[in-house]
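Dear colleague,

I am passing on the structure we spoke about, and below it you will find my notes on how its parts are arranged. Please read them with the model open beside you.

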Amino acid sequence: MKYVDEFRDPQAARVLLRELDLSIERLGATPSKPLQIMEVCGGHTHAIFRYALKDLVPPALEFVHGPGCPVCVLPMGRVDDCVAIARRPEVIFTTFGDAMRVPGSQMSLLQARAEGADVRMVYSPLDALALAEANPTREVVFFGLGFETTMPSTALTVLDAERRGIKNFSLFCNHITIVPTIKAILDSPGMGIHGFLGPGHVAMVIGTAPFEFIATEYKRPLVVAGFEPIDILHSLLMVLRQLEAGEAKIENQYARLVDPNGNRVALEAITRVFELREFFEWRGLGSIDHSGVRMRAPYARFDAEKKFAIPNVRIADPKSCQCGEVLKGAIKPFQCKVFGRACTPQTPLGALMVSSEGACAAYYQYARRAHIETAA
Ligand code: SF4
């Protein structure tokens, strides 16, 4: 296959759906006792809704939406920390667009900007570095967040700042790692997931080996999946075939882009600049050991946590917010009491409604008619 149309071919989809039906039948799953497959990545969640795959797959196959949206797992306290840095008069605070709308306990970065803080949206950390170069009397802070997918570009920007001797650039590092989080989900009580669609973009960087423990220790299959509808249906079938055979392996459906060994250059940059934190706080999932990174000592001068006094705020989510349960796959977004009512993309209460990769935003965009309007 060479062109994107081939990954959206209706005939190929029909064949795969028929195979899924047969496999589900052989596995004996039923709508009341479905097979639960978690798609770890928010990109997959949106593709599943965008192409209506949720409605096309057999009803005895249930998608469980995982924690792979980095904006969605940002705790409120971290947003408060961002606002505190952004309000400093010497600071130009830079970040990606969706992070600007995540609610903190008092306000979002967008609201801080409306109140006078110099908050600017950038498309890459290199944009922030260019701002630092153009504004030598100001301190430019880049809010670095995301999984291993975005870590390399941040690391390479820090190395570039060092090479070019730019001193007024720093990073507020909130990068996170996916593997300990999947482990936390697998360890959670009542975990009923039968298999995983693995995050294709993260795997492009880290390869497939870091996922091996899911098969060896937890006896669950994981298939690293691409993001087109045929990719997802094919990956589902690969998971089901393993279940039928009583196997648990890590397979790579996204081989056209994912090298099993990952990307050497990206991994070297990550290893050079970052080291694991002892623990990191996730929205709704609590503190997870070794699930985030910080900057290594030789790059301390580019570390916003060292440069500025960060309040390190810890705030519980509002009581009405059930983002944690959604992130763990315990409830569906529409089962949250405020979904589509107090919490909408225009007035988000939780981060899952903010990000374009959030499960709640996906349900709201593609399935709210079914879940709100018919319930009203
Ligand atoms: S509807 Fe809003 S508050 Fe409820 S889980 Fe989704 S994002 Fe969180």
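The centres of domain 1 and domain 2, taken over C-alpha atoms, are separated by 34 Å in this model, which is a predicted one. The protein chain is divided into three parts: domain 1 covers 4-69 + 179-252, domain 2 covers 76-176 + 292-307, and domain 3 covers 323-373. Between domain 1 and domain 2, the contact involves four residues from domain 1 and four residues from domain 2; on the domain 1 side, the residues that touch domain 2 comprise three nonpolar, one polar and no charged residues.

Turning to the helices, I begin with H1 (residues 10-27) and H11 (residues 229-245), whose axes lie 10 Å apart and which pack at an angle of about 25°. With angles under 35 degrees counted as roughly parallel, H1 and H11 are therefore roughly parallel to each other, and the crossing in which H1 passes H11 is left-handed. On the H1 side the contact is made by Ala 12, Ala 13, Leu 16, Leu 17, Glu 19, Leu 20, Ser 23, Ile 24, Arg 26 and Leu 27, which meet Pro 229, Ile 230, Leu 233, His 234, Leu 236, Leu 237, Leu 240, Arg 241, Leu 243 and Glu 244 in H11. Sorted by class, this contact of H1 with H11 has 14 nonpolar, two polar and four charged residues.

The crossing of H6 past H7 is right-handed. Here Pro 125, Leu 126 and Leu 129 of H6 make the contact with Ser 153, Thr 154, Thr 157, Asp 160 and Ala 161 of H7, so that by class the contact of H6 with H7 holds four nonpolar, three polar and one charged residues, Pro being counted as nonpolar.

Against H12 (residues 264-273), H7 packs at an angle of about 60°, with the axes 8 Å apart, which makes H7 oblique to H12. The crossing of these two helices, H7 and H12, is left-handed. Met 151, Pro 152, Ala 155, Leu 156, Val 158 and Leu 159 in H7 meet Ala 266, Ala 269, Ile 270, Arg 272 and Val 273 in H12, and the residues of this contact divide into ten nonpolar, no polar and one charged.

Finally, which residues come nearest to the ligand? Of the 14 residues around the ligand, these are Cys 323, Cys 336, Cys 343, Gly 350 and Cys 360. The shell around the ligand, taken by class, has twelve nonpolar, two polar and no charged residues.

Methods
Residues are numbered from 1 along each chain as its sequence is written. This is a predicted model: local features need pLDDT of at least 70, side-chain atom pairs count only at pLDDT 80 or more; totals for chains, interfaces and linings use all residues. Domain bounds come from an automatic or database domain assignment. Two residues are in contact if their C-beta atoms, placed from the backbone, lie within 7 Å. Axes are lines fitted to C-alpha atoms, for helices over the stretch in contact, and angles run from 0 to 180 degrees between N-to-C directions. Helices (H or I, at least four residues) and strands (E, at least two) are DSSP runs, numbered from the N terminus. Angles under 35 degrees count as roughly parallel, over 145 as roughly antiparallel, 65 to 115 as roughly perpendicular and the rest as oblique. A crossing is left-handed if the near helix is turned anticlockwise from the far one by less than a right angle, and right-handed if clockwise. A residue is near a molecule or strand if its C-beta atom, placed from the backbone, lies within 6 Å of it.
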